[in-house]
Amino acid sequence: LYNYGTYEVRRYLLSNLRYWLEEFNFDGFRFDGVTSMLYHHHGIHRSFSGDFNEYFGTDTDVDACVYLMLANELIRSSIPATSTSLSIAEDVSGMPTLCRPVRDGGVGFDYRLAMGLPDVFINLLENVPDEHWSMQNLVATLCNRRFAMEKTIAYVESHDQSIVGDKTVLMWLLGPEIYTGMSALGEPTAVVRRGMSLHMMMRLMTFFFGGEGYLTFMGNEFGHPEWVDFPREGNEWSHDMCRRQWSLADMDHLRYTHLQAFDRAMLKLEKIFHVLEAGNHFVVSMVDDERKLIVVERGPLVAVFNFHPSESIDELTVGVGRPGKYWPALDADDWKFGGEGRVAWFERFTIPEPYPMEVGDRPCTMVVNSPCRSAVVYFNVDDWPDCEFAPAIEEQKVHTVVELADSTDGAIGTVM
């Protein structure tokens with residue numbers, strides 16, 4: 001612990017930041033354990049409800065806040081105007097204004113980590129049967145942030161789930177079959193099919209409406225089967241777990257390549273539609289605990305999640321914000337992701353029939369098929385700019401817009 005109120009300590013810490021910026025051309029930092037810095041009690045044995053009295057009082061370490069403000073200003077002033085700086089806070093308390101500019105009275109971070117999400121997912125996988133998953137709790141956790149005021153980076157798992165013998169999400173999902181059931185040369189077992197589906201769905205929902213940024217720990221995007229453990233006295237200085245097996249994602253006969261392809265498709269979805277930047281249009285139009293359904297609009301996209309273990313819906317009516325013709329932008333059940341290809345290849349037209357909601361109706365509806373344990377993201381084709389690729393959609397030569405991006409090597413226009 002540092003005494004942030006002394007000149008010498010602040011100078012020492014700030015000079016350290018500047019050293020990495022100038023000598024190694026760093027363009028940003030992730031500050032670890034910010035909660036411990038912000039409060040004299042260091043967050044130990046404390047819970048935070050969101051009441052402002054918990055943040056702005058004598059428990060707050062003002063000197064530490066001032067140091068963090070200086071640090072963020074230093075990072076920005078040291079980065080050339082032609083580059084973009086980045087600072088991320090690991091804070092579990094939800095300190096207001098932590099990610100607001102210093103000029104607005106904030107601490108100056110660009111993003112905070114949504115640290116509660118991984119714990120929720122691990123608790124579900126470890127303790128709750130699939131049929132008892134609460135869609136309400138999932139949506140509430142993913143939406144638990146200050147919209148349009150402070151940006152959040154969401155993630156399903158991080159290094160905390162990948163070091164010193166802990167289990168990654170795919171290890172929780174598959175158990176021993178992460179070693180024995182990942183061959184793509186035959187039909188997957190029920191355990192593997194469930195695990196692959198939930199692995200992709202959890203990532204897609206976290207990416208789609210969990211924050212304004214998305215994070216994955218190296219290797220977990222394709223379901224790396226083991227943890228990371230560097231040589232230390234506790235493991236007798238072993239190097240056995242001191243590596244990532246990147247080759248697994250490149251082997252076509254293993255299902256890891258399907259998870260890698262899905263992660264790549266999610267990133268293409270962001271490149272085309274700028275989902276993470278679409279803060280002005282965000283609507284959760286359906287949360288159905290009985291049928292395990294979630295429908296979310298964000299930007300120009302509509303995502304339909306069906307977490308039910310066994311019940312598919314051939315004709316599901318969902319509300320949408322804009323009329324027109326919709327086409328899949330990303331299908332988690334696509335064959336190339338190891339899925340079963342159960343989503344129909346045709347356009348969905350809206351009808352001018354309002355969809356009732358507790359707060360404001362959606363102006364129109366459309367009917368889609370929603371297979372169990374699957375997720376589909378739809379795009380309004382009428383928003384697609386006039387370009388040479390439009391006929392490919394009209395003639396149904398592609399299944400999804402992301403597939404179109406693959407066929408054109410990404411050389412398609414973005415949606416504004």
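Predicted model: local features only at pLDDT ≥ 70, side-chain atom pairs only at ≥ 80, totals over all residues.

Biologist: Where does pLDDT stay under 50?
Modeller: Over residues 408-416. pLDDT is the predictor's confidence in each residue, from 0 to 100. For that stretch the model has 18 contacts beyond four places in sequence, a contact being heavy atoms within 4.5 Å.

Biologist: What pLDDT does the chain average?
Modeller: The average is 88. A score of at least 70 is reached by 90% of the residues.

Biologist: Which elements have the lowest and the highest mean pLDDT?
Modeller: Helix α10, residues 390-394, has the lowest, at 54. Helix α8 has the highest, at 97.

Biologist: And how many helices and strands are there?
Modeller: The chain has 11 helices and 13 strands. They are DSSP runs numbered from the N terminus: helices are H or I with at least four residues, strands are E with at least two.

Biologist: Back to α8. How many residues does it have?
Modeller: Helix α8 has 20, residues 190-209. From first C-alpha to last it reaches 28 Å, close to the 28 Å expected at 1.5 Å a residue. The expected span is 1.5 Å times one less than the number of residues.

Biologist: Why is α8 called largely enclosed?
Modeller: Because 16 of its 20 residues are buried, α8 is largely enclosed by the rest of the structure. Buried means under 20% relative accessible area, with a 1.4 Å probe and protein chains only; over 50% is exposed, and in between is partly exposed. Over the chain, 51% of the 416 residues count as buried.

Biologist: How many cavities of 30 Å³ or more does the structure hold?
Modeller: There are 2. On a 1 Å grid over the protein atoms alone, a cavity is a set of points where a 1.4 Å probe fits but cannot get out; a pocket is an open set with protein on both sides within 12 Å along at least five of seven lines; lining residues have an atom within 4 Å of a point. The volume is the space filled by probe spheres on the points, which are joined across faces, edges and corners.

Biologist: What lines the largest cavity?
Modeller: Its lining has 17 residues, and Arg193, Met196, Ser197, Gly338 and Gly339 lie nearest the centre. The volume is about 110 Å³. α8 gives the most to this lining, with 6 residues. Strand β13, residues 374-380, also supplies at least two.

Biologist: And the second largest cavity, which residues line that?
Modeller: His199, Met200, Arg203, Glu221, Leu259, Phe262 and Asp263. About 30 Å³ of space lies there. α8 and α9 (256-273) each supply at least two of the lining residues.

Biologist: You mentioned β13. Tyr378 sits in that strand. Is it buried or exposed?
Modeller: Tyr378 counts as buried because its relative accessibility is 0%. Tyr378 and Ala303 are 75 residues apart in sequence, yet 6.2 Å apart in space, C-alpha to C-alpha.

Biologist: Now the open space. What volume does the largest pocket have?
Modeller: About 610 Å³. It is lined by 29 residues, with Val92, Ala114, Met115, Gly116 and Asn144 nearest its centre. The largest share, 4 residues, comes from α4. β3 (111-113), α5 (135-142) and β4 (151-155) are also among the elements that each supply at least two.

Biologist: How do the residues of that lining divide?
Modeller: Into 10 nonpolar, 11 polar and 8 charged. Ala, Val, Leu, Ile, Met, Phe, Trp, Tyr, Cys and Pro count as nonpolar; Asp, Glu, Lys and Arg as charged; the others, Gly among them, as polar.

Biologist: Thr152 lies in β4. What is Thr152 in contact with?
Modeller: Beyond its neighbours within four places in sequence, its partners include Tyr111, Arg112, Leu113, Ala114 and Arg145. Gly210, Gly211, Glu212 and Gly213 are also in contact with Thr152. Thr152 counts as buried, at 5% relative accessibility.

Biologist: Last one: what do the buried residues of α3 pack against?
Modeller: Against α1 (7-24), β1 (28-31), α2 (34-38) and β2 (86-89). Those buried residues are Ala64, Cys65, Tyr67, Leu68, Ala71, Asn72, Leu74 and Ile75.

Note on methods
Residues numbered from 1 in each chain as written. Heavy atoms only, no water.
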